[in-house]
Amino acid sequence: MEIGLGINSMDLDLYEGHIIEDLKNSAITALPEPSGWLEEEIERNIITTTVDKLLNWGRKTSLWTETSFTACCTFEFISTSSSRFDIARFGMEVLRSSPRHADLMITAGTLTWKMAPQIKRVYEQMAEPKWVIAMGACGISGGIFADSYSVVPGYNRILPVDVYIPGCPPRPEALLAGIELLRKKIEKRSISKGK
Amino acid sequence: MLSEFSLIALFILIVLGFATSLVLIPVALRKLGIVPSQPSAVKSEPYECGLETTGPTWVQFKIRYYFYALLLICLDITVVFLYPWAVELTTLGPAGLITIFIFLGILAVGYLYAWRKGALEWK
Amino acid sequence: MTVELEYNRIVEALPQDLASCVIAVENHGLVIQPERIADIAAFLKVEPGMELDYLCSVTGIDYIRYFEIDYLLYSLKLNHRLTLKVRLTDRSEPTVPSLTGLWLGAELQEREIFDLLGINFSGHPGMKRIFLWEGFPGHPLRKDYSHGH
């Protein structure tokens, strides 16, 4: 099938199939969480602690979420961001579709192997500092679809996840509790230890 | 005489300083290691919703945008003339009103010409 | 209320050459010979009194002994519906004519059935997988599919 630009759509499909198979074969175990730096000992002085406080405050109070939501947990996120549960209290009412502007990826929904290379690529195109919240059972482990032929058993196969929020779907209060945990984690960052 | 513009000179200096500092502060912070910088091959590729781009990414812009920019400049200047006229309307008297309508009439003729010639259509 | 047509009366109303390709009349469907499905559907689409001009869905089912494909046809003008069924016993190379010549809406649904059950539709413009990726081993909705988790 010709789709213009002199490219055959079957070639694109085969190429995509190779990418998906490569990703599936390389994602056998879960990636470790990026939390090792929490335990590191660091040297602190008044300048670094002040800069740390300022940077961490700025980052945790303006987390911009990347809009890469796949399934039902999105609706709980939508509820959280509307007036009753009001995520704007946390400075998070901004949703950016471009990964260059976003710094938080909330994995709201089941991930299939067909979509996995794209989510991974969007994550890689986000600029540091970036965090990932695995929302819902499908985000943590694939949920009730964990044994399926087409579902990735948990986002931590392809992305490093910072906070896990259980639930199917997690209520807005649970999502806000998870965001609060992430903010506490962000508070602990320092410019003098591993980013 | 030049000293009357001292405030404007100060304003220009502040503006230039602000613009350059906005560009230089992130570079300085990156060199100092305060902000993270981890460039990678995938990160510098153009964003296409997670896919690799097919075909050339930098495409030529349509010339139609240029026409609209020209039209905007002309009509924007009209508004610049209308503002002081509107402020001083009462002191100008009826002569002012007639003059401005002649001015707007000339502009309307030009606008109608552009309209009938099809310059406003998007092709 | 969309009324389901009486299948016995439909069979009586078919012309001679098409009536021979009806294998059985069931409660909720007319079982047709696989090779003649396009002819019967074309007749039912334009025949005055039936005018089943809307193909609602094409569904594939694996009943272990045979594959079945159900075609749900609706008439928007006359507000009635009909189900046509096709049964394929060949599990290695099941083939059935495609209905994309009559309804373009069948294109993606037949691709789905090919992707998940492995049934070929002859005459389909561009038969390839739609939900799973090229290179996926097997057809998952077959009863004998297991991916050894």
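Reply: Happy to! A residue counts as buried if 20 or more other C-beta atoms lie within 10 Å of its own. Keep in mind that this is a predicted model. In chain A, which has 195 residues, buried residues make up 34%.

Me: What is the secondary structure of chain A, and in which order do the elements run?

Reply: Helices and strands are counted from the N terminus. Chain A has six helices and five strands, and their order is α-α-β-α-β-β-α-β-α-β-α. Along the principal axes, the C-alpha atoms of chain A fill a box of roughly 65 × 40 × 35 Å.

Me: How do I read the contacts within chain A?

Reply: Look at how far apart in sequence the partners are. Taking the contacts in chain A between residues at least 6 apart in sequence, 80% join residues at least 24 apart.

Me: Now the interfaces. Which chains share the most contacts?

Reply: Two pairs of chains are in contact, and chains A and B share the most contacts. Chain A brings 16 residues to that contact and chain B brings 13. On the chain B side, six residues are nonpolar, six are polar and one is charged.

Me: And how many residues of chain A are in contact with chain C?

Reply: There, 13 residues of chain A meet nine residues of chain C. The chain A side of this contact divides into five nonpolar, three polar and five charged residues.

Me: What separates chain B and chain C?

Reply: No contact joins them, and the closest C-alpha atoms of chain B and chain C lie 15 Å apart.

Note on methods. Residues numbered from 1 in each chain as written. Chains lettered and ligands numbered in written order. Predicted model: local features only at pLDDT ≥ 70, side-chain atom pairs only at ≥ 80, totals over all residues. Contact = placed C-beta atoms within 7 Å. Nonpolar A, V, L, I, M, F, W, Y, C, P; charged D, E, K, R; others polar. Helix = DSSP H or I, 4+ residues; strand = E, 2+ residues; numbered from the N terminus. Buried ≥ 20, exposed ≤ 12 C-beta atoms within 10 Å, placed from the backbone.
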